[in-house]
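Here's a quick briefing for anyone meeting this protein for the first time. Have a look at the structure, then read on.

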Amino acid sequence: MATIEECRAALDKLSHSMGGAEGDVRAAAAMDRTVSCHITDLDVTFAGRLTGGRIEVEETFPGPPWEKAQIRLAMAGDDLLALVDGELNFAGAWGSGRVKLEANLLDLFRLRKLL
């Protein structure tokens, strides 16, 4: 099972990758939205912003998200690590329910270019 530190490192790695993206992916990452990522097996949430093409984690706290972020993810820690490392396909994981993503319709259309 992934640790909190490994999950935080995976989010940092994802943020770094997004910051170096180009074209449509860069445009999609340029949104300014609140973000939460609940790691279900650890019952911990990372909360922050997607801004400037990067994810900025501002706080980590126990349990599910305290406030409803504009973009909400939920998954097991091992799935987060596998997604970031390219070992797990996001569309397949989302379709099977391993990864949950909630956002408004416009944001979902933009996010599909990232994921």
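The protein has an accessible surface of about 6,500 Å², and 53% of that belongs to carbon and sulfur atoms (areas come from the Shrake-Rupley method with a 1.4 Å probe, and for residues only the protein chains shown count as cover). Keep in mind that this is a predicted model, where local features need pLDDT of at least 70, side-chain atom pairs count only at pLDDT 80 or more, and totals for chains, interfaces and linings use all residues. Residues are numbered from 1 along each chain as its sequence is written, and side-chain values use heavy atoms, with hydrogens and water left out.

**Overall build**

- You'll find five helices and five strands here (DSSP runs numbered from the N terminus, with helices being H or I of at least four residues and strands E of at least two).
- Starting at the N terminus, the order of elements is α-α-β-β-β-β-α-α-β-α.
- Of the 115 residues, 40% are buried (buried is under 20% relative accessible area, exposed is over 50% and partly exposed is in between, using a 1.4 Å probe and protein chains only).
- Take the contacts between residues at least 6 apart in sequence: 58% of them join residues at least 24 apart (a contact means heavy atoms within 4.5 Å).

**The second largest pocket**

- This pocket holds about 220 Å³ of space. On a 1 Å grid over the protein atoms alone, a pocket is an open set of points where a 1.4 Å probe fits, with protein on both sides within 12 Å along at least five of seven lines, and lining residues have an atom within 4 Å of a point. Points are joined across faces, edges and corners, and the volume is the space filled by probe spheres set on them.
- It has 14 lining residues, and the closest to its centre are Val35, Ala47, Gly48, Glu59 and Glu67.
- Strands E1 (33-39), E2 (44-51) and E3 (54-62) each give at least two residues to the lining.
- By type, the lining splits into six nonpolar, three polar and five charged residues (nonpolar: Ala, Val, Leu, Ile, Met, Phe, Trp, Tyr, Cys and Pro; charged: Asp, Glu, Lys and Arg; polar: the others, Gly among them).

**Arg72 in strand E4**

- Arg72 sits in strand E4, residues 71-75, and counts as buried because its relative accessibility is 16%.
- Its side chain reaches the backbone oxygen of Ala69 at 2.4 Å.
- Setting aside neighbours within four places in sequence, Arg72 is in contact with Ser36, Lys100, Leu101, Glu102 and Ala103.

**Helix H3 and Asp78**

- Helix H3 (residues 77-84) is mostly covered, with six of its eight residues buried: Gly77, Asp79, Leu80, Ala82, Leu83 and Val84.
- Asp78, also in H3, is partly exposed because its relative accessibility is 40%.
- Not counting residues up to four places away in sequence, Asp78 touches Met1 and Ala2.
- Asp78 and Glu6 are 72 residues apart in sequence, but 9.2 Å apart in space, C-alpha to C-alpha.
- After H3 comes Gly86, with a positive phi near 80 degrees.

- Asp43 lies in the loop between E1 and E2 and is partly exposed at 38% relative accessibility.
- Phi of Asp43 is positive, near 50 degrees. Most residues other than glycine have a negative phi.
- Asp12 belongs to helix H1, residues 4-19, and is partly exposed at 39%.
- Asp12 and Ile55 are 43 residues apart in sequence and 7.5 Å apart in space, C-alpha to C-alpha.

Methods
A polar contact is a pair of N or O atoms within 3.5 Å; within protein, one must be able to donate a hydrogen and the other to accept it, and residues adjacent in sequence count only if both atoms are side-chain atoms.
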